[in-house]
Amino acid sequence: MELISNPTSDEIKKAAKALKDGHLVAFPTETVYGLGADATNEKAVSRIYTVKGRPTDHPLIVHISSINLLDKWAVHIPKYAMKLAKEFWPGPMTLILKRNDLARDFITGGQDSVGLRVPDQSVALELLNEFEKLGGLGIAAPSANKFGAVSPTTAEAVEEELGNFLHRDDLILNGGQCAVGLESSIIDCTKDQPAILRPGAITYKMAEELVGGIQNKNSTQIRVSGQFKSHYSPKAIILLDKKPEPGDGFIAMANIQTPVGTIRLGSPSTVQEFAKILYNALRNGDKKNLQKIVVVLPTSNGLAEAIRDRLIKAAKE
Ligand code: TXA
Ligand code: MG
């Protein structure tokens, strides 16, 4: 495995070629780092599952360079879904749509829907464009972490987590720290009305203002790995809004004082910054071998809902 920092256009071309040849390429997006494979190559995609240790009936998101490729992967696209795509792509939003023939069972986990996203990150978009020039149609990429663990928001975190499981010809592209820091919002667009399955930086309010009639999340049976118990989880036990003891890790907004004897892992000034630093703060807690990390949850709406969603899942046993 080779880690390439601040990749040049030639290095991104090389990465696109590696994908086309069936190798894995971890790459930055604005949300978290993804572990990419050619979404039409069953063998390459199966390696994603091996490397992550992820159950094979778990669907993957297909990343595309623009809305123009939507028809290749999806059919019966509702008007509201087109509206969401036009407004929020490239961006931190995944749409679940009825699949076209190209989206085979090894991508969708056997479901008749497919998850699609145009990421808003320059390296990711260049990689997608170069891949498409070589005849590629989409890059399947889950977050580049072990199944159930915290998503990586830096290339170093990808290397630490998956480096030992990648092969010689696989690549990690280092594009710096992810700007958002939490996984994309997932919106189910397979029904008459949209439904939010995973909250993210495209918030309920943003989507509702654009298309209206959005259902509450978790109202469907569609499988989203974030809905499993204990997900997005570091080794340390996560305690929410509890009184910390000396020796515990502590994450809270900057205006909240550090309790005596605790190890401050994060003090963001805004909710955006909270999302951006959260996963690295949790990883740092594990590096320091902390047993417990206490987090004071942000209380506002919008992005704070996504932060609470991930932390509540991380705190589950
Ligand atoms: O921000 C993100 O979405 C990142 C970056 C790399 O794009 N990707 C990501 O992938 O978080 P992953 O696999 O860790 O989480 C994607 C979620 C999974 O929980 C999966 O179950 C769900 O999307 N998903 C994918 N296709 C689906 C489908 N057809 N129906 C329902 N859920 C689907
Ligand atoms: Mg994930």
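Predicted model: local features only at pLDDT ≥ 70, side-chain atom pairs only at ≥ 80, totals over all residues.
Residues are numbered from 1 along each chain as its sequence is written, chains are lettered from A and ligands numbered from 1 in the order in which they are written, and side-chain values use heavy atoms, with hydrogens and water left out.

- Helices (H or I, at least four residues) and strands (E, at least two) are DSSP runs, numbered from the N terminus.
- Strand E6 (93-99) is mostly covered, with 5 of its 7 residues buried; buried means under 20% relative accessible area, exposed over 50%, and partly exposed in between (1.4 Å probe, protein chains only).
- E6 pairs with strand E7 (residues 113-117) in the antiparallel sense over 4 bridges; two strands pair if DSSP finds at least two bridges between them.
- With E10, E6 pairs in the parallel sense, again over 4 bridges, and here Ile-96 has Asp-188 as its bridge partner.
- E5 joins E6 in the antiparallel sense over 2 bridges, and Ala-74 stands opposite Arg-99 in E6.

- In H4 the buried residues are Tyr-80, Ala-81, Leu-84, Ala-85 and Phe-88.
- These residues lie on the same side of H4 because they cover an arc of only 140 degrees around the axis, the arc being that of the directions from the helix axis to the C-beta atoms.
- Lys-79 and Lys-86 are exposed, on the face of H4 turned away from its buried side.
- The cover over the buried residues of H4 includes E6, strand E10 (185-188) and helix H8 (204-211); contact means heavy atoms within 4.5 Å.

**Helix H1**

- Helix H1 (residues 9-20) has 12 residues and reaches 16 Å from its first C-alpha to its last, close to the 16 Å expected at 1.5 Å a residue; the expected span is 1.5 Å times one less than the number of residues.
- Ile-12, Ala-15, Ala-16, Ala-18 and Leu-19 are buried in H1.
- They share the same side of H1, because their arc around the axis is only 155 degrees.
- Among the elements that cover these buried residues of H1 are strand E2 (25-27), strand E3 (34-38) and helix H6 (122-133).
- Just after H1, Gly-22 takes a positive phi of about 95 degrees.

**The open parallel sheet**

- The order E12-E15-E13-E14 describes an open sheet of 4 strands with parallel pairing.
- Strand E12 (237-240) and strand E14 (263-266) stand at the edges with a single partner strand each, so one side of each has no neighbour in the sheet.
- From one strand to the next, the twist averages 30 degrees.
- Strand E13 (residues 249-251) and strand E15 (residues 292-295) pair in the parallel sense over 3 bridges, and Gly-249 stands opposite Ile-293 in E15.
- Helix H10 (residues 303-315) packs on the sheet, touching E12 and E15, and its direction makes about 130 degrees with that of E12; axes are lines fitted to C-alpha atoms, for helices over the stretch in contact, and angles run from 0 to 180 degrees between N-to-C directions.

**Backbone features to look up**

- Most residues other than glycine have a negative phi, and most peptide bonds are trans.
- Asn-6 has a positive phi, near 40 degrees, and sits in the loop between strand E1 (2-5) and H1.
- Asn-6 counts as exposed because its relative accessibility is 65%.
- His-76 also carries a positive phi, of about 50 degrees, although it is not a glycine; its place is in the loop between strand E5 (74-75) and H4.
- His-76 counts as exposed because its relative accessibility is 67%.
- A cis peptide bond joins Trp-89 and Pro-90, with omega about -5 degrees.
- Pro-90 lies in the loop between helix H4 (79-88) and strand E6.

**Cysteines**

- A disulfide is a pair of cysteine sulfur atoms within 2.5 Å, and by this rule the count is 0 disulfides.
- Cys-178 counts as buried because its relative accessibility is 2%.
- Cys-189 counts as buried at 2% relative accessibility.
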